[in-house]
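User: Please take a close look at one part of this structure and describe its surroundings. Keep it plain.

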Amino acid sequence: MDIIDGLTAWIGLPEWLQSWVHTGSSTLILIVTITVPLMLAVAYLTFAERKLIGYMQARIGPNRVGPRGWLQPIADAVKLMFKEIILPTNANKFLFIIAPILSIGPALAAWAVIPFDDGLVLANVDASLLYILALTSVGVYGVIIAGWASNSKYAFLGAMRSAAQIVSYEIAMGFALVGVLMAAGSLNLHDIVTAQSGNFTDWYIWPLFPLFLVYFISGVAETNRAPFDVAEGESEIVAGFHVEYSGMTFAVFFLAEYANIILISTLTAIMFLGGWHPIWDVAPFNWIPNIVWLLGKIAFFAFFFLWFRATFPRYRYDQIMRLGWKILIPVTLVWIIVMGSAMFLTPYGDFFH
C-alpha cells in the first residue's frame, strides 16, 4: 500500500482522492485475494468429484492430463475458451448472455460478508444474514431466464422445474435460518460464529439439529444437485435449462453450480458448526490456524454433495415437492415454536449453551 500512496502523492492528487484510491485499492486486493482461490477451488472441486465418483464406482477417473490428472481442470477451461458460443434461432441474445452471469454473480458476491476468522472479513455488515438470503434468492433468475431466452422447449421445461423446486426449498431454508437468528440474537454472521465460541458442545448443530438437516437438504436442492437435479434431468429433458449453451456460457453455468456448493457448505459450517472455531479450545486443537478449521468443515460438507451424486437416484418431481412442502417446512415451523417456547420459559443461556 506504500507504493500506491507514494504514487498518488507523486501525481499530486488531492488528499480526499488519495484516501479514496487507498481505500479502493485495499478493497480490490481483498476481493482478488478471495476470488482467485475461490475460482481455483471451484475448478478443482470438479476434479475431486470426478475422482471421487470414479473411486466409488470402481473407475479411475481423470488421469491423463498432468500427474495423476491434476491438470484436467486447466485443460477443460482452455478447451471451453476456444469453443464457439452458438446462439439459437429466435433466442433473446441479451438475456441468453446475461443468464449465466446472473447464476454465478450471487454465488461470488455472497463471499463479501463471509467471516474467515475473527476480524477477517471483507465487509462486516450488520445484516449479513439478510444479505445472503437476498443474494441466494437472485440465483434462480439465471436459471429461469436461461430456459426462457433459449427458445427451446427442453430448456423451458428445465427452467420451470427449477423455479418450482427452488421456491419450495427457499422457504424451508429461510425458516431454518430464522432458528439460527433466534439462537444468536443477531443477523451478523460474525456474531453468529462468535456466539458458538468455546467447544463443539456450544455449536448450534445440537440445539438446532432438525433445522441443520433441513438447511443442508434444502441447500442440496437449491444447487440443483442430485438427487434434486430434475432441472437438468438428462434422461428426461436432454440437459435441462442449459441445453442450448456451449463454450464459456456453458462453463459459467457449470462454475456457478460448484461455487454454490462451496457457498452452501461454508454457510452450513458458519451457522451450525462454529465457523472458524476448533472442535475443542485446548491444545493441540487450538494450535491449528482458525481458517484451516473453517476450510476443513467446508470440505467435509462439500464431500457430501459429491457422495450424494454418486449414490442417490433422482427423485421424481412429485416426491421433491412433497418433501419440501409436507416435511421440511412443517419441521422448521414446529422447531421454531419449540425454540420460542424454550427461550420464553427458560433462561436464554441455559437453552443454547
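Analyst: The model is predicted: local features need pLDDT of at least 70 and side-chain atom pairs pLDDT 80 or more, while totals for chains, interfaces and linings use all residues. Residues are numbered from 1 along each chain as its sequence is written, and side-chain values use heavy atoms, without hydrogens or water.

S168 belongs to helix α6, residues 153-184 (helices are DSSP runs of H or I, at least four residues, numbered from the N terminus). With a relative accessible area of 1%, S168 is buried (under 20%; 1.4 Å probe, protein chains only). Leaving aside residues up to four places away in sequence, S168 touches M321, W325 and I329 (heavy atoms within 4.5 Å).

Helix α6 is also one of the elements against which the buried residues of α8 pack; the others are α5 (128-149), α10 (247-272), α11 (290-311) and α12 (317-345). Helix α8 covers residues 209-222 and reaches 20 Å from its first C-alpha to its last, close to the 20 Å expected at 1.5 Å a residue (1.5 Å times one less than the number of residues). Of its 14 residues, 10 are buried, so α8 is largely enclosed by the rest of the structure. Among them are F212, Y215, F216 and E222. N224, which follows α8, has a positive phi, near 60 degrees.

Technical notes: Helices (H or I, at least four residues) and strands (E, at least two) are DSSP runs, numbered from the N terminus. Buried means under 20% relative accessible area, exposed over 50%, partly exposed in between (1.4 Å probe, protein chains only).
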